[in-house]
2 protein chains.
Amino acid sequence: MNHTEVLTRYVTNFVDELVANGLTDAVISPGSRSTPLALTLAEHKEIKDWVIIDERSAAFFALGLAKKSKRPVVLVCTSGTATANYYPAIVEAYHSRVPLIVLTADRPHELRGIGAPQAIDQIKMYGDFVKWFHEMALPEAGTAMLHYVRNKAASAYYIAKEGNQGVVHLNFPFREPLMVDFSFNDVWEINDISCTSPILPTFEGKKHLPKQQVEEILRQLAGKQRGVIVCGPQTDLDFPVAVTKLAEKWGLPILADPLSQVRSGAHVSDEIIEGYDALLRNQTVREKLKPDFIIRFGAMPVSKAYSFYLKQHQDALQMVVENDEGFREPTNNPTTFIFAEPTIYCEALANAGVETTSKEWLQLWKQFNDIAKKHLNDQSDSEIREGEAIRAVMDSTPNQSTIFVGNSMAVRDLDSFFWKTDKQIEVLANRGANGIDGVVSSGLGACAAGVRVTLVLGDLSFFHDMNGLHAAMHYQLPLTILLINNNGGGIFSFLSQADDKKHFEALFGTPLHIDFKYVVHMYGGYYVHAKTEADVKQKLIESYNREGLSVIEVKTNRDINANWHKSKWQAIEQEILEERNR
Amino acid sequence: MNHTEVLTRYVTNFVDELVANGLTDAVISPGSRSTPLALTLAEHKEIKDWVIIDERSAAFFALGLAKKSKRPVVLVCTSGTATANYYPAIVEAYHSRVPLIVLTADRPHELRGIGAPQAIDQIKMYGDFVKWFHEMALPEAGTAMLHYVRNKAASAYYIAKEGNQGVVHLNFPFREPLMVDFSFNDVWEINDISCTSPILPTFEGKKHLPKQQVEEILRQLAGKQRGVIVCGPQTDLDFPVAVTKLAEKWGLPILADPLSQVRSGAHVSDEIIEGYDALLRNQTVREKLKPDFIIRFGAMPVSKAYSFYLKQHQDALQMVVENDEGFREPTNNPTTFIFAEPTIYCEALANAGVETTSKEWLQLWKQFNDIAKKHLNDQSDSEIREGEAIRAVMDSTPNQSTIFVGNSMAVRDLDSFFWKTDKQIEVLANRGANGIDGVVSSGLGACAAGVRVTLVLGDLSFFHDMNGLHAAMHYQLPLTILLINNNGGGIFSFLSQADDKKHFEALFGTPLHIDFKYVVHMYGGYYVHAKTEADVKQKLIESYNREGLSVIEVKTNRDINANWHKSKWQAIEQEILEERNR
């Protein structure tokens, strides 16, 4: 067998085994050393390949696609700094538990550490942010080594998606010539092992608590009247039904994060409290809502007010449910950790025969929540505020739709203005490490799963990943962007940095002074500036009937925005406190 | 002392000590956790701060600034994925030996590993690509701890610039509140230690070979007639004079890489051969130029033909000079490594009393070089070719100027079309890992050292770092960009990938189909499309009298370009082979 045949059989068997395990999508950045992988992924008829030039955008695109499709996605790039551009998305995928399979091409051993071009040390280069690293052997094509590559492909796919999902990294040393040739006999298989018969079929269990442990938990909860269920960011679409049933049975409020998937869907019930971020900003209100116990699912909620609530009530019995591993409890309060699959666990609790505890408790939350929503829902005739733009999105978004939301102000405004609805809306964000990077590409990656996406983000996030827009043009992806442009870092106007008049604008406000219309037009997108809430709604609805990229820009003022929010919170707090003093 | 005073004194003493050691510039990306560092750097009157929002661009900007100024530059960002965006530039800085001091803000220990927002594991997150990592202590302000922070600042500055220059990474845990206050008494100093009196003054030696070792080297070279001096990429501006004197004394050709700083300057002499890349493409020509010995300085040259030459002549005695450490010899040929400061070493050899060896040998190289230059210099009336655009740059660039060149085709065309000149031109590139990322920002960083820069790069490199252009607008930096747009990856048309008709355009050609005029206008730059070599020259000269950013775009065709180069190489080879057969 010559070099080309060995190389080809090695790589085809690897790629084919990924398909046998379920791979459907690969995101490829151009390069020379990665040629064998790129050509083979493009050639395999079961794989859709996405070619994205900027590797940073490519990795976030893969992240968005994996997050929406709930399947591992392959990333391929050449050797050198290309690989380092994946790092931000890998860090995010680790923390938000998204399955990615990173395949980096490398120089062979004899070209490492001796100043060869584009040769850097790629061994374990992503540190502990990957679940598994393996340095692949140099290509060989004996039966044993073709079993080996299939074994590694199968393991990679499995490890990416089992337990806490995450990233695996395989580094491939390739010698020149790098071209592959698919015309060899049975080049896609070895001894009849092909994508129709995986080499390592797997069955995987989920964590179930034994009956005695459930009983022990119930014993600990017994007699506690004022309980709260908290649902943080998570993407399992079966979970909302189970947790809502539990809350109904036990008569408990659910503080549902906008990324919990609990605020929308047919399951939506009275128990769901969406206004808690506004409520829990006031210490007296937090005292009135003092809990006996808290059961949290998913990651820590977006709301900072909620973390104040937790810190104020360290004596509440807190239970945090993690489906596999991790100790995500950022207040360091005493906490019971329950490692169990959340849906199954909710069902176990709901079926345990416990009855509603205190009707007044749930009533109190609902009453306060109504007050918060009333104020947040106030219509005004003035120029549009950021929260009003978010309201417009939630109003206009059709049933069965997907929203991707940026970090910093966008997700916080979504937290404040996303009312529970029986529409089925999946809301995604990069809440692993909360970066403002890669958001455009993540939204487009979600589109690549075959759905229209509404992406809501601020100007700094939009700027950070404008390169991502190229994929919208190239693949005509159906993306609607609501760009909330407050010309800089709006969140800093809420922080103490805002008091430093000397350096604030230069270091924190950081206005870009960019007219984004140019870049939208450069990528062949539709651009429009919307000035009122009604206008945003109309433009959104129009965009849902348009092909490709639409960008609706709303222009706001950071100071006015901060004051508007503060006045809402004050009004809510005032009404609640007066109400209770009567 | 309250929290704010402790925090302030800790950070001011750190920053002040950096200044005492020579720091002049800091590149800051906005964020909350990094507030103490950002405010202090902005407040220190001796530091120029550059605020750049996209951390990837920020890091490449710092790299370009450090490369041009030949001084360490500080980078500051907040916690989370922001830090991971530095990785590509850190990898490049490691390989191209550029001094950077990376300061990442972090959550304090009690907020790590528990799902707190924007908290990722930043300990040693850049692996072996940094020379030194240190996790800073939590802020304290006793005398001992203020000496400690000054000690760490001084060490960081020294380590970044000593020996093989590179990156140091300090990670700062900060607790809230994050605001600092400069109104405390003597807040910038401790016990009269301030930026006027560094805490660890340093003296550093360079590697000198002892006399006996120089004699042993001369013994090994004695009797060898056909020697070649090779100067690869390096940035020491004293070296070209010394190496040229050595070559004159010994009558040896210097194969001078376009990034060696040897092709231009008052020292330029007959010995300098610029056309070797075209000459060494042909095996017969390589045989005619068979060397007895090779002495190489700097990194491996850009020219792939040169590496063929090396591989063909494994029996030549090869000596590679490294100024501190590293084994940069990517052919794995038997090689003598000389660890010595190159300028001093050249002087030692030149002063050793050895005479010119073979006049015919140097004559042969000069004769071939003239043939190569004649063909490469042919003027044509057809539409502009990529090499002609480079010729226009070298013709128009004034004395005392700086050129930054992109990787892939741009640097290769510069290799072919940069004729030696007595103009003083510093030519820089990111040749550590040869990435197409971060090139715009690196060029702008060089501008930030206080000079006008001409940046020559292709459309994919331009695209990859368009975000970098924001700094050109924000700081009105004097950058002229020659954008050679062949609508995709031009280099692949020279490789075997070009034979794969089925996947070539999608995976390797990767046309962007972007009209870059939009983005230049978005950033307030001047844009013009130039169509002939004369036109490019004129537009370049005009741009040198304009403030801020000018982009001159040349549009070419990848296939025509590849054929044009090949026809040049064939004509050269044909004339040389006919000449020698006569």
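Biologist: Which residues of α15(A) are buried?
Modeller: This is a predicted model. Buried means under 20% relative accessible area. Helix α15 of chain A spans residues 409-417, and eight of its nine residues are buried. Those are Met409(A), Ala410(A), Val411(A), Asp413(A), Leu414(A), Asp415(A), Ser416(A) and Phe417(A).

Biologist: Is α1(A) roughly parallel or oblique to α2(A)?
Modeller: Helix α1 of chain A covers residues 3-20, and helix α2 of chain A covers residues 35-43. Roughly parallel needs an angle under 35 degrees, and roughly perpendicular runs from 65 to 115. So α1(A) is, relative to α2(A), oblique.

Biologist: What is the handedness of the crossing of α1(A) and α2(A)?
Modeller: As α1(A) passes α2(A), the crossing is right-handed.

Biologist: How many nonpolar, polar and charged residues are in the contact of α1(A) with α2(A)?
Modeller: From α1(A) come Leu7(A), Val11(A), Thr12(A), Phe14(A) and Val15(A). They meet Pro36(A), Leu37(A), Thr40(A) and Leu41(A) of α2(A). By class, the contact has seven nonpolar, two polar and no charged residues.

Biologist: Is Thr331(B) buried or exposed?
Modeller: Thr331(B) sits in the loop between β11 (317-322) and β12 (336-339) of chain B. Beyond four places away in sequence, Thr331(B) touches Met300(B), Ser307(B), Leu310(B) and Lys311(B). Its relative accessibility is 13%, so Thr331(B) counts as buried.

Biologist: Which residue's backbone nitrogen does the side chain of Thr331(B) reach?
Modeller: One polar contact of the Thr331(B) side chain goes to another side chain, that of Glu329(B), at 2.7 Å. The backbone nitrogen at 3.1 Å from the Thr331(B) side chain belongs to Asn333(B).

Biologist: How far apart in space are Gly353(A) and Trp250(A), C-alpha to C-alpha?
Modeller: Gly353(A) is in the loop between α12 (342-350) and α13 (359-376) of chain A. At 51% relative accessibility, Gly353(A) counts as exposed. In sequence, Gly353(A) and Trp250(A) are 103 residues apart. In space, their C-alpha atoms are separated by 9.6 Å.

Biologist: What is omega for the cis peptide bond that joins Glu176(A) and Pro177(A)?
Modeller: Pro177(A) lies in the loop between β6 (167-173) and α7 (211-221) of chain A. The bond to Pro177(A) from Glu176(A) is cis, with omega about -5°.

Biologist: And in chain B, is the peptide bond from Glu176(B) to Pro177(B) cis or trans?
Modeller: Pro177(B) is placed in the loop between β6 (167-173) and α7 (211-221) of chain B. Omega from Glu176(B) to Pro177(B) is near -5°, and the bond is cis.

Biologist: What is phi of Gln476(A)?
Modeller: Gln476(A) is in the loop between α18 (469-475) and β16 (479-485) of chain A. With a relative accessible area of 48%, Gln476(A) is partly exposed. Gln476(A) is not a glycine, yet phi is positive, about 45°.

Biologist: Is Asn434(B) buried or exposed?
Modeller: Asn434(B) belongs to the loop between β14 (425-429) and α16 (439-448) of chain B. Phi of Asn434(B) is near 60°, positive in a residue other than glycine. The cut-off for buried is under 20% relative accessible area. Asn434(B) has 11%, so Asn434(B) is buried.

How values were computed. Residues numbered from 1 in each chain as written. Chains lettered and ligands numbered in written order. Predicted model: local features only at pLDDT ≥ 70, side-chain atom pairs only at ≥ 80, totals over all residues. Heavy atoms only, no water. Axes fitted to C-alpha atoms, helices over the stretch in contact; angles between N-to-C directions. Helix = DSSP H or I, 4+ residues; strand = E, 2+ residues; numbered from the N terminus. Parallel < 35°, antiparallel > 145°, perpendicular 65-115°, else oblique. Left-handed = near helix turned anticlockwise from the far one by under 90°. Contact = heavy atoms within 4.5 Å. Nonpolar A, V, L, I, M, F, W, Y, C, P; charged D, E, K, R; others polar. Buried < 20%, exposed > 50% of the residue type's maximum accessible area, 1.4 Å probe, protein only. Polar contact = N/O pair within 3.5 Å; in protein donor to acceptor, adjacent residues only side chain to side chain.
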